[in-house]
Amino acid sequence: KGTLRQGDIVVAGQYTGRVRSLKNDRGKTVHEAGPAYAVELSGLNGVPEAGETLYAVSDEKIARKITEQKILDLREKQMRGAPKHMSLESLYSKLSEGSFKELKIILKGDVQGSIEALTQSLQKISSEKCQLQVIHGIVGGINESDVMLAAASDAIIIGFHVKADPKAAALAEKEGVDIHYYSIIYDAVEKIRKAMEGILEPELKEVVEGKIKIRQIFKSSKVGNIGGAIVLKGRVTRQHHVRLVRDNVVIFDGRLSSLKRFKDD
């Protein structure tokens, strides 16, 4: 909406500035941009969040007032912590209050058969007190879109033989979205049934010690495939339980048989 011009005072979230330059999609400098015209601009005093709206304002005083209010809102939000969406831990208390009738679930799995079997099993434990509704069930890893859908619809996410990508995991923590991972259908169904009955056992939390990226595969006639890898985060020891993930789908879950740096164990 409107026309953005070089020299305009602009506000985007908590950042402000004067438009120093505008470049079109071919990298050529332009002096103004109208509706639906894509430009890259420079001049802001920081990098706003993706999806933030950019406003052109008449003077710096208004810009400062808007950014100060935005910073204050962000500070209050941080002090309050992440918004508390639906979780299995809070399910029974909400059912007891009588303010809650439906548990919405987003299912992500490695194959369509798993999703269908899990959906059918979950529907069987629905009751008059609490209806279970799978609002989204699809093959693939848990991504940012799934987390945004869960936040908007107050749903929980279940990953069956799949994991959340790093951006989705960070967004889930920020938005307060509950994600659970399972590899056995019975475990998932039993956990939700216990949550509905209020006899949920203490949560066992998985702690990630390290993250390793396989850079190259070496084939050996004696031992099979060897993963040549680099440690991106944390550390890895020979005793560690490891999970090999390809495209956010778990393809191996077990222990390391050996760990070497060059030829040294």
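Q: Which residue in β13 does Ile212 stand opposite?

A: Please keep in mind that this is a predicted model. In general, the strands of a sheet pair through backbone hydrogen bonds, either parallel or antiparallel. Here, Ile212 stands opposite Val231 in β13. Strand β12 (residues 210-220) pairs with strand β13 (residues 224-234) in the antiparallel sense, over ten bridges. The two strands form a hairpin, with three residues between them.

Q: In what order do the four strands of the open sheet stand?

A: The order is β9-β8-β10-β11, and the pairing is parallel. β9 (131-139) and β11 (179-182) are at the edges; each has a single partner strand, so one side of each lacks a neighbour in the sheet. On average, neighbouring strands of this sheet are turned by 25° against each other, direction ignored.

Q: How many bridges join β10 to β11?

A: Strand β10 (residues 156-160) is joined to β11 by four bridges, and the two run parallel. Within this pairing, Ile158 stands opposite His180 in β11.

Q: Which strands does helix α3 touch?

A: Helix α3 (residues 112-124) packs on the sheet and touches β8 (102-109), β9 and β10. The direction of α3 makes about 180° with that of β9. Helix α4 (residues 144-153) lies across β8, β9, β10 and β11, and runs at about 175° to β8.

Q: How many aromatic pairs does a search of the whole structure find?

A: A pair of aromatic rings is described by the distance of the centres and the angle of the planes. In this structure, the search finds zero aromatic pairs. Lys163, however, lies over the face of Tyr181, at 3.7 Å from the ring centre.

Definitions and conventions. Residues are numbered from 1 along each chain as its sequence is written. This is a predicted model: local features need pLDDT of at least 70, side-chain atom pairs count only at pLDDT 80 or more; totals for chains, interfaces and linings use all residues. Side-chain values use heavy atoms; hydrogens and water are left out. Rings of Phe, Tyr and Trp (its six-membered ring) pair if their centres lie within 6.5 Å; planes under 30 degrees apart count as stacked, over 60 as edge-to-face and the rest as tilted. A charge sits over a ring if NZ of Lys or CZ of Arg is within 6 Å of the ring centre and within 35 degrees of the ring normal. Two strands pair if DSSP finds at least two bridges between them. Axes are lines fitted to C-alpha atoms, for helices over the stretch in contact, and angles run from 0 to 180 degrees between N-to-C directions. Contact means heavy atoms within 4.5 Å.
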